[in-house]
Amino acid sequence: MALAAWRGEIVDFTGDPLRDGRAACRHFPDGLLIVRDGRVDSVGPFEALRERIDDIALHDLRGRILMPGFVDTHVHYPQADIIASPASGLVDWLDRYTFAAERRFADPQHAAQVASFFLDELLRNGTTTAMVWATVHPASVDAIMAAARQRGMRIVAGKVLMDRNCPAGLRDTAESGYQQSTALIERWHGVDRLGYAVTPRFAPTSSPAQLAACARLLDEHPGVWLQSHLAENRDELRWVAELFPDARSYADVYDRFGLLRERSVWGHGIHLDAADRDRLAASGAAIAFCPTSNLFLGSGLFDAAAADRHRLRFALATDVGAGSSFGMLRTMAAGYEVLQLQGQTLSALRAFHLATLGGAKLLGLDDRIGSFEPGREADFIALDPAATPLLARRTALADTLEERLFALMMLGDDRHVADCWLQGRQAVSPEGR
Ligand code: GUN
Ligand code: ZN
């Protein structure tokens with residue numbers, strides 16, 4: 001029975017700040033987190049729990065904030081090498097960089113090398129769970145799953161499905177994509193901490209037959225996720241309208257194929273109308289809000305207030321390589337700025353909730369991760385506000401937890417992620433990074 005404990009300032013969420021306000025946040029200024037066999041045993045004030053830890057290892061992290069690991073709900077590992085590549089917009093960016101980068105994943109060695117770098121970069125940024133895109137090549141899924149397994153990370157990933165409007169080297173067919181996805185689900189879904197997501201790139205690159213095959217995969221494998229892109233860019237919207245003239249809207253294309261459902265996570269969801277939001281919300285689908293990506297590509301501003309009005313769930317995502325940072329702190333800051341531009345706001349409590357328990361809930365994994373409830377898998381991070389002089393100074397001048405968390409989200413980056421644990425074990429790179 002392996003028991004260990006961490007002393008520090010502890011912050012997590014037991015509810016949603018949107019509904020419950022400050023009461024959603026649990027805060028122990030001098031707290032103790034006790035982990036047994038990789039799961040949270042208990043959490044509380046140090047003084048109340050101290051007698052329980054006589055004989056076990058105590059990690060003294062006073063001065064740091066202990067928080068559940070971040071959850072990135074939409075990120076492309078094969079695009080790690082094209083982050084920060086300028087383009088006039090989504091389609092130009094896909095044509096100029098993305099497809100060329102993804103073609104290299106025909107080489108399993110390249111895939112393994114990038115997968116390894118990518119996961120280490122997530123961990124360096126405090127992200128312990130992610131919903132990850134591979135490429136059209138089945139071996140690219142094997143590479144990310146094997147690297148995640150080696151590190152003990154909770155990763156959901158899938159092979160891109162793309163049978164038209166893309167370069168030849170990246171094209172599957174409705175039938176081959178279905179067969180390959182089936183084999184990958186059987187190989188990886190539910191193995192250790194891994195899950196599978198059926199991954200049609202977006203409506204323009206999948207034929208009606210392929211979109212129908214996606215629904216078949218989901219029906220045949222309950223518990224598997226779906227990830228795709230939706231309503232990111234106005235040129236993309238026009239393209240979808242030409243390809244699917246009978247659909248009422250872009251979201252309606254996916255709806256007609258039975259793809260709007262629980263466990264479906266749609267990247268972006270910027271250019272939606274009220275009927276789309278109602279239908280998405282009623283179906284149980286959710287949006288991955290990708291603020292750095294939306295700003296970088298000039299895609300538009302995600303309307304969080306409209307999502308909230310329609311009870312359309314969303315969480316945060318980096319969307320690397322269109323996103324300009326691997327870090328969820330930088331992503332929260334960009335999210336705040338995107339909402340400011342629309343006369344809306346993103347409180348620090350809501351931002352940290354979205355990046356932890358909110359992301360876990362979006363993926364249906366909140367019974368496993370996302371908080372320090374007893375029994376949850378002990379994936380957590382230590383944030384160090386003193387890691388840079390500016391944040392140290394700003395933090396010293398802050399009166400409340402909210403003020404300190406706000407400064408951390410606006411000024412923080414990977415330098416402030418001091419450490420990261422997966423199931424109570426310090427995250428280490430097999431590559432020595
Ligand atoms: N739409 C279709 N493919 C992609 C992609 O790789 N990144 C982004 N941001 N949008 C997409
Ligand atoms: Zn994306």
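Gln 79 sits in the loop between S5 and helix H3 (90-103); helices (H or I, at least four residues) and strands (E, at least two) are DSSP runs, numbered from the N terminus. The model is predicted, and local features need pLDDT of at least 70, side-chain atom pairs pLDDT 80 or more. Residues are numbered from 1 along each chain as its sequence is written, and side-chain values use heavy atoms, without hydrogens and water.

**Gln 79**
- Gln 79 is buried, at 1% relative accessible area (buried means under 20%, with a 1.4 Å probe and protein chains only).
- Its contacts (heavy atoms within 4.5 Å) include Trp 93, Glu 102, Arg 201 and Val 320, not counting residues up to four places away in sequence.

**Ligand 1**
- An N or O atom in the Gln 79 side chain lies 2.9 Å from an oxygen atom of ligand 1 (a polar contact is a pair of N or O atoms within 3.5 Å).
- The protein covers 100% of the 280 Å² of accessible area that ligand 1 has on its own (Shrake-Rupley method, 1.4 Å probe).
- A nitrogen atom of ligand 1 is 2.8 Å from a polar side-chain atom of Asp 319.

**Zinc ion (ligand 2)**
- His 74 (NE2), His 76 (NE2), His 229 (NE2) and Asp 319 (OD) coordinate the zinc ion at 2.0 to 2.3 Å (donors are N, O and S atoms within 2.8 Å of the metal, or 3.2 Å for Na, K and Ca; water is not among the atoms).
- His 74, in strand S5 (residues 70-76), and Asp 319, in the loop between strand S13 (314-316) and helix H13 (328-340), are 245 residues apart.
- His 74 is buried at 0% relative accessible area, and Asp 319 is buried at 3%.

Methods
Chains are lettered from A and ligands numbered from 1 in the order in which they are written. Buried means under 20% relative accessible area, exposed over 50%, partly exposed in between (1.4 Å probe, protein chains only). A polar contact is a pair of N or O atoms within 3.5 Å; within protein, one must be able to donate a hydrogen and the other to accept it, and residues adjacent in sequence count only if both atoms are side-chain atoms.
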